[in-house]
Amino acid sequence: MKGAVALSVLLLAPLARAADVAAVSSPGGVLTVTVSLDGEGRASYRVARRGTAVIGDSRLGFLLTDAPKLERNFTLAAQGRRSADETWEQPWGERRLVRNHYNELRVRLVEKPPQARSLEVVFRLYDDGVGFRYEFPEQASLREVNIGEELTEFDVAEPATAWWIPAGEWNRYEYVYRHTPLAEVSQAHTPITVRTASGLHLAFHEAALVDYSSMWLRRVDGQRLKAQLSPSSQGAKVRRAAPFATPWRTIQIADSAAALYASSDLILNLNEPNALGDVSWVKPMKYVGIWWGMHIGTWTWASGPRHGATTAHAREYIDFAARNGFKGVLIEGWNLGWDGDWFANGETFDFTEPYPDFDLAAVADYARRKGVTLIGHHETSANIAHYEAQLGAALDLDAKLGIASVKTGYVADAGGVKARGDDGHIHFEWHDGQVMSRHHLKVVTEAAKRHITIDAHEPIKDTGLRRTWPNWMTREGARGMEYDAWGDPQNPPNHAATLAFTRMLAGPFDYTPGVLSLTGKDGRPIESTLAKQLANYVVLYSPLQMAADLPENYAKFPGPFQFIKDVPCDWADTLVVNGEVGEFVTFARRDRASDDWYLGSVTDANARTIEVPLDFLADGRGYVAQIYRDAEGAHYQTNRFAITIERRAVKRGDVLSIWLAPGGGAAVRFKPERRSQ
Ligand code: NOJ
Ligand code: CA
C-alpha cells in the first residue's frame, strides 16, 4: 500500500562556486546534519539535535588498494535536496504500516585535478535518526573500486556508556553484551547502543548490506568510532564496479530506550521495497522441532541409538504440532554428514540424502496430511563452497516435498568460512564479509524462486533486507536459548532486556524461546522464571517463533503452555511501554489476525513492579486480561517455577500493576469481551 507521497525534488545543480558547507534538517527540525570540508579538502559531517552536538566532526572517505585514497583534495561540486513522506505496508512484521518521512541532502564531492574523481554522499534525516551512504558514480577514472578500508567516523560528542559485543574475535556474534564507558570499547559489532550523560540513546548500525563487507566499529581515540570493514581473503575488503552504492550507515537518536527501539523503522525505510512481488506464500508461524533434545544431549544429530531425526520421532512431533496449533516442525540431523567432527568437516554434508532411519518423503507426506509443514535444515559448517554446489538440488527437493521454510546454519569460528574464490581454490572468509553478504542473498533469492523462506543461524547481521526479500524471515546472530542448555556462562538474567535495545534493533531473532522445564544439559537449572519464558515471546520478535522445549515437558505445564499456544508471531502494531537498556523492558503488541493485544515484560536480576497504563486498548470495549506473572516469592535461582495465572477484567484507562521477580517477567493476553448482541 502506498500512502500519501509528498516528494519535492531539487535535482543536483552545479554551484556557481564551490561551497564548503551543506546542511539539512529532519522534517520536524529535530536533527541537523552539516557537511564541511577542511583546508585540505577532507570531508566531514556532524549531527546536532535541537542545536546540541550529538556527533562531532567525523571524517568520510575510503582507502583503495589499487589507487590513491579517496579522502583529500575534495571540493563540494554540487548539492541537492529532496523530501519524502510515504507509508508502506509490511507483509508481516512488528507493525503493519511504516511511515517513511525524511529530508534528504545529496552532496557531490569532486577531487581537485589531476585526480578529479567524484563521490556522492547522500544523507537522509528522520526526526529520530540519520542514514547516509556513499554512491560511486560511473566515471572513467574509477571503474573498478577496490576498497581497502572505509574511513567513515562517528565521533560521539557527549560522555557516554555503551552496550556492545566484540567484533573480529573468534566467535561471530554470540557474546554476552558488555556495558562499559564508550571510551573503553575496543572493536564492536553493530548495532552498538550508546547512552549519553544527558540521557540521549544512540545506536549505530547499517541498512541494506548488499554485496559489501559488514561495518565493525573500532574506537580510535576518546569517543571516536571508525568503520573497520570485515576482512576478505582477497586483499581488497570490497570489490565492486562503479556505479554502486554502499550500505547506509545509520545513527538512531532518541531520548529514551523505548524511543530508540521505535526509531528502528529507519533501518527498514532505508532498504529497497519488496522485490519479490506477491509474497502471500511467506507465512509467519510458530514451530516445534527435533532440536532441544540434541542440545541437552539426550539425542544426537549423528546416526546411532540416540539419533533424534528418526521417522518415529518426526511423527510424534508432527502429531504434537497438529494437536497444539503449531504450523511448523523443524527436523535437525535428518541428512547424511553429522557423523564424525561435523563442526570441522562441512564437506561431508549431503543436503538431499536422509539417514536410513528417516523416511523423508513419508514424513513430509505425513506432515502435509496433518496440516503442518516441515522446516528443513541445512547445517553447512560454513563450507559455502560445498553448500552452493548442492543448493539448487537441495531447494528443489524441499520445494517438491512442500517444505515452506529452511533453517540454514554456518557453525564455524569467525574467519572460518570456506568459499571458492575466482581462482577456483578454497579461501577462508569471515561470516560477515562481502563473500557472505553475497552468499546469503544467493540462498534467499534461490529459495524465493521456490517459495521457501529462510531462517539463518550463525548468519550475517540483519540490516533490514527483509523489506526487499520478505522470505528472509529471521535469523540468529546473538546468544539464543541454546546457551541456556550448554553455554558457559548461560545467558545472564538481563539478557533479554539487553537484546531488546541492541540486537533486536536490527530485526527478528530466532531466539528459540519457551523452555518451561527450565532445565538444560545434564540437569543444569536455567536461570529464569516460568513467566519470563512466556514474556520472551512478546519481547523477542521473530515471525518464525519456536516452542523449543520437548513435548513431554510442555505436557507438565499445561497452564503456562496455553500462552505459548495463544501468542501470535505477526503483529499489527508494536509499542515499547517502558524500559531501560539491560534492566527491564515491556512491550505491547497487537495481533494481526484479531483484536487481541499481548504484553511481555522482563527484568534483570532485580525485582520491580511495572505500572502499565492500558492506553493502547480500544476505547469503549471490555477486555479479559489473561495474566501469567511471577508468584510471590518467585526468583530466577531459588524459586523458578512459581507462577500465578489469573484473569482480570480491564479496559482502556486502567493501569495494570505487575510485580516481576528477580530474573523474572510477565506475559498477558488481552482478549476483547464478546460484544453483547
Ligand atoms: C547452531 C544453531 O544455532 C542451532 O540452532 C543448531 O541446532 C546447531 N547449530 C546445529 O546446526
Ligand atoms: Ca548458534
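Me: Where does Thr 310 sit?
Reply: Thr 310 lies in the loop between helix 3 (292–295) and helix 4. Helices here are DSSP runs of H or I with at least four residues, strands are runs of E with at least two, and both are numbered from the N terminus. This is a predicted model: local features need pLDDT of at least 70, side-chain atom pairs count only at pLDDT 80 or more, and totals for chains, interfaces and linings use all residues. Residues are numbered from 1 along each chain as its sequence is written, chains are lettered from A and ligands numbered from 1 in the order in which they are written, and side-chain values use heavy atoms, with hydrogens and water left out.

Me: Is Thr 310 buried or exposed?
Reply: Thr 310 is buried, with a relative accessible area of 14%. Buried means under 20% relative accessible area, exposed means over 50%, and partly exposed is in between (1.4 Å probe, protein chains only).

Me: What is Thr 310 in contact with, leaving aside its neighbours within four places in sequence?
Reply: Asp 357 and Phe 358. Contact means heavy atoms within 4.5 Å. Thr 310 is also 9.3 Å from Ile 331, C-alpha to C-alpha, and the two are 21 residues apart in sequence.

Me: On to helix 4. At what angle do the axes of helix 4 and helix 5 cross?
Reply: At roughly 10°. Helix 4 covers residues 311–324, helix 5 covers residues 360–369, and their axes come within 10 Å. Axes are lines fitted to C-alpha atoms, for helices over the stretch in contact, and angles run from 0 to 180 degrees between N-to-C directions.

Me: What do we call that?
Reply: That angle makes helix 4 roughly parallel to helix 5. The cut-offs: under 35 degrees is roughly parallel, over 145 roughly antiparallel, 65 to 115 roughly perpendicular, and the rest oblique.

Me: Which residues make the contact?
Reply: Helix 4 gives Thr 311, Ala 314, Arg 315, Ile 318 and Asp 319. Helix 5 gives Val 363, Tyr 366 and Ala 367. By class, this contact of helix 4 with helix 5 has five nonpolar, one polar and two charged residues. Nonpolar covers Ala, Val, Leu, Ile, Met, Phe, Trp, Tyr, Cys and Pro; charged covers Asp, Glu, Lys and Arg; the others, Gly among them, are polar.

Me: Now helix 10. How many of its residues are buried?
Reply: Ten of the ten, residues 530–539, so helix 10 is largely enclosed by the rest of the structure. Lys 532 and Tyr 537 are among the buried residues.

Me: How does helix 10 pack with helix 12?
Reply: At an angle of about 5°, with their axes 10 Å apart. Helix 12 is residues 558–566. Helix 10 and helix 12 are therefore roughly parallel to each other.

Me: Which residues make that contact?
Reply: Leu 530, Leu 534, Tyr 537 and Val 538 of helix 10 meet Pro 560, Phe 563 and Ile 564 of helix 12. By class, the contact of helix 10 with helix 12 has seven nonpolar, no polar and no charged residues.

Me: Strands next. What about strand 9?
Reply: Nine of the nine residues of strand 9 (residues 118–126) are buried, so strand 9 is largely enclosed by the rest of the structure. Ser 118, Glu 120, Val 122, Arg 124 and Tyr 126 point one way, and Leu 119, Val 121, Phe 123 and Leu 125 point the other way.

Me: How many bridges join strand 8 to strand 9?
Reply: Eight, and the two strands run antiparallel. Two strands pair if DSSP finds at least two bridges between them. Strand 8 is residues 97–111, and Val 107 stands opposite Val 121 in strand 9.

Me: And the other neighbour?
Reply: Seven bridges join strand 9 to strand 10 (residues 129–136), again antiparallel. A hairpin of two residues links strand 9 to strand 10. Arg 124 has Gly 131 as its bridge partner in strand 10.

Me: Where are the cis peptide bonds?
Reply: One runs from Pro 113 to Pro 114, with omega near 10°. Pro 114 lies in the loop between strand 8 and strand 9. Another runs from Asp 488 to Pro 489, with omega near 0°.

Me: What is phi of Thr 512 near?
Reply: Near 60°, a positive value in a residue other than glycine. Most residues other than glycine have a negative phi. Thr 512 is in the loop between helix 9 and helix 10, and counts as buried at 2% relative accessibility.
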